[in-house]
Number of protein chains: 2
Amino acid sequence: MTQLQRANAGEITPQIEQVAAIEYRTPEEIRLHVAEGKIVIPANIHHKNLKPMGIGRLLRTKINANIGNSALSSCPMQELEKLNNAVKYGADTVMDLSTGENIIQIRQKIIENSSVPVGTVPIYEALARAGGSQGLSESLILQVIREQAEQGVDYMTVHSGILLKHIDFAKKRLLRIVSRGGSILARWMRQNQRENPFYTAFDEILKICLEHDVTLSLGDGMRPGCLADASDAAQFAELETLGELVRRCRKAGVQAMVEGPGHIPFDQIEMNMRREREVCDDAPFYILGPVVTDCAPGYDHITSAIGATMGAYSGAAMLCYVTPKEHLGLPNARDVRDGVIAYKIAAHAADIALGKPHARDRDDAISQARADFDWEKQFELALDPDKARELRAEALREGGRSPDHDKRAQYCTMCGPEFCSMRISKEI
Amino acid sequence: MTQLQRANAGEITPQIEQVAAIEYRTPEEIRLHVAEGKIVIPANIHHKNLKPMGIGRLLRTKINANIGNSALSSCPMQELEKLNNAVKYGADTVMDLSTGENIIQIRQKIIENSSVPVGTVPIYEALARAGGSQGLSESLILQVIREQAEQGVDYMTVHSGILLKHIDFAKKRLLRIVSRGGSILARWMRQNQRENPFYTAFDEILKICLEHDVTLSLGDGMRPGCLADASDAAQFAELETLGELVRRCRKAGVQAMVEGPGHIPFDQIEMNMRREREVCDDAPFYILGPVVTDCAPGYDHITSAIGATMGAYSGAAMLCYVTPKEHLGLPNARDVRDGVIAYKIAAHAADIALGKPHARDRDDAISQARADFDWEKQFELALDPDKARELRAEALREGGRSPDHDKRAQYCTMCGPEFCSMRISKEI
């Protein structure tokens, strides 16, 4: 039985217990929200070393890091390095989006080494195995999903919401369809003049998910790829279908969340979050960014952390990170770190703003350490202690001070001793 | 006569004309807002190579980059490198916050080489010349302000709003007074049991500003230095005084803007912007960040770009950047670049969200370039073309592709050719 079915039966599962403990909530609160489908606990029964966690807007905002290779880049070792960076810096889940060589082996390694839930997008493996669009079929898709479920994948993105009738909406767009899964399926539907196999075989997919407790992440194949395409007919038509699929998942006892955009102007983010909540009966909303301007390639971890903060503040439950490499190439381990930290900031800032339990404790502690000139404690409490130490050391070096300067002096190179407000404050 | 006085007399100055042209507004609109004090045009009559620009929430959101040395770091050459990086990447104004050696010479170089308005905080030079708090006096302060005005400083931060009666409010705080100017003045007031000289000599200061058309930036000496201290009695008591000073400036014919926080939780930013507008009669609000979490030293350009976007969206007119070195040390030229770009993103995202004229043009153009696989055009339209090129080249290298790959191929290393949604979209 899935977490949803057990919660519905009134059971407080060990996973619910654990989620309650780390989120400062009562087990009964968590059980109720899981039963209602407002919290999901992605926990494939075959993922042995998993630490259970929950996703829902009642809980601390979660972040996901995408890793995985492409046909052009990366090997299993590099992917494990990315996994380690992602988890070290605070990713709550990882998605293996590999589309290149050794997809199955890379995923196996990632699941074995990951204590956080692992997600995938099965259409990628299906297309790779099909050797091109012609070879794609409903049965191959179901086979891939079944094998991934048996391997221990905790949640899967299925683009079941993009239908034949939606495709024409994309013609009016500047960037058509930018979701990889969405574009692959739209092409297949058009070529074969048949409905989306992820939609027609949805009941079969649900059966597999039930058996292994795979959480479905209902993908937004029509997510906008630039500000000009945001909040348009294509996006919202698909969202209606996603709402219908949420209800089918819940009825079947399968946990479900919903994926969201993408590229959205800052002023439309709150409306987008509200609309998902209404259309999808408050299923956890898992958003990608959103990026709030199109013109900062190289800095999309920042453009999207801005949108992600507003998204989480307005009700998103999980934020899929974007790295500085977005729109430019496959992220490497350094990009993964930069992306994860930017998203920890976004999620944490939103949690503070929403007054989630104990959200500000860490901030108050680091501020106290600042008042005390306790540099070591500041580093320890930093979201990225390595980076804080590195920049502090650089500033001391450039200021001609020795690396152990901080053990004696109560000021930094920004102001120097005579202009240190913290020091002067103490004299008042 | 100042821009404010001339606007009030019905004159369309050359500066107003130019601001209107670059902001897609009519000269009469700009004149009216300058006359009302809702737009300032910082333009010291002695700053010869200045390109006029305006600051006000009707206009494109502006960003400021702080440069300047400390007693421990940096020389005039390094400061010019920072100035060049700041202007190259899009700073609309720079502030020279030098507190170390050669303050006057560094400022002279910066003014000579800057086409954007230059701001200062005169208490820094005054304290440096006084050789310590004991030597500070009203006459020295006025002398410094006069000399800086004659040198061509376009705007000056004066912490005239922090009064004896406010100091006790700071005792309740975790971080007391974190503004350098605020803490220096509070200590002086307490030591001498006298009122703030920037307040008692305010009429004298106005006379100097009138003569050279220096814009006053009314500093917030009580800005909160951590989330725990945000939106408290100290901050808002000072704001009331700032509102009074705005009215005195306008009456005297002196242009004025108001400085704001600082460290503010995301949910309190809109309220803070609204309150300044009400208390200070819509004087342009010039905010520092705000930082939305305290615990990400090394990444405060990101934590604060999030707050700055919300601030600008809610009515702030100018954003003072924060660099990755904030809370750690004096920024170097690389930090200046990182800070400026993060703030260009924040300002631009807010302008798009507010529907300012032509704000989204650049985004639509770069999105079109993406649809066309026109990499060169994407780079040209990027806020930081160098960074975009650098990361693209890195991705190609790591993907085993030659640097001129983009001249032939229509996909990136993120997805590879078979999984390129843009390419697939074209096939549909």
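Modeller: Between chain B and chain A, about 8,700 Å² of area is buried in this predicted model. Carbon and sulfur atoms give 67% of that area. Chain B brings 103 residues to the contact, and chain A brings 103 residues. Which three residues supply more of chain B's buried area than any other three? They are B:Leu72, B:Tyr299 and B:Phe419. Together they supply 9% of the area that chain B buries against chain A.

Charged side chains meet here too. Six salt bridges cross the interface of chain B and chain A. Look at B:Lys325, which forms a salt bridge with A:Glu394. The closest N and O atoms of B:Lys325 and A:Glu394 are 2.6 Å apart.

Stay with B:Lys325. Its side chain also meets that of B:Asp335 in a salt bridge, at 2.8 Å from N to O. This second pair links distant parts of the chain, 10 residues apart. B:Lys325 sits in the loop between β8 and α15 (333–353) of chain B. B:Asp335 sits in helix α15 of chain B. Are these two residues buried or exposed? Both B:Lys325 and B:Asp335 are buried.

Now a residue of chain A that touches chain B. A:Phe379 is in helix α17 (residues 375–381) of chain A. Set aside its neighbours within four places in sequence. A:Phe379 is then in contact with A:Pro385, A:Ala388, A:Arg389, A:Arg392 and B:Leu328. Why does A:Phe379 count as buried? Its relative accessible area is 7%, and buried means under 20%. For a sense of distance, take A:Ala349, 30 residues from A:Phe379 along the chain. The C-alpha atoms of A:Phe379 and A:Ala349 are separated by 19 Å.

Strands of a sheet pair through backbone hydrogen bonds, either parallel or antiparallel. Find β1 (residues 62–67) and β8 (residues 318–320) of chain B. These two strands pair in the parallel sense over three bridges. In β8(B), B:Leu319 is the bridge partner of B:Ile63.

Just after α11(B), B:Asp213 takes a positive phi of about 50°.

Last, more salt bridges. In one of them, the side chains of A:Asp232 and A:Arg173 meet at 2.7 Å, N to O. A:Asp232 lies in the loop between β5 (215–218) and α12 (233–252) of chain A. A:Arg173 lies in the loop between α8 (164–167) and α9 (180–192) of chain A, so the pair ties together parts that are 59 residues apart in sequence. A:Asp232 counts as buried at 18% relative accessibility. A:Arg173 counts as buried at 6%.

Compare a pair in chain B. The side chains of B:Asp282 and B:Arg57 meet in a salt bridge at 2.9 Å, N to O. B:Asp282 is in the loop between α13 (269–279) and β7 (285–288) of chain B. B:Arg57 is in the loop between α3 (27–36) and β1 of chain B, so this pair ties together parts that are 225 residues apart in sequence. B:Asp282 counts as buried at 14% relative accessibility, whereas B:Arg57 counts as partly exposed at 39%.

Methods:
Residues numbered from 1 in each chain as written. Chains lettered and ligands numbered in written order. Predicted model: local features only at pLDDT ≥ 70, side-chain atom pairs only at ≥ 80, totals over all residues. Heavy atoms only, no water. Pairing = 2+ DSSP bridges. Helix = DSSP H or I, 4+ residues; strand = E, 2+ residues; numbered from the N terminus. Contact = heavy atoms within 4.5 Å. Buried area = accessible area lost by both parts, 1.4 Å probe. Salt bridge = Lys/Arg side-chain N within 4 Å of Asp/Glu carboxyl O. Buried < 20%, exposed > 50% of the residue type's maximum accessible area, 1.4 Å probe, protein only.
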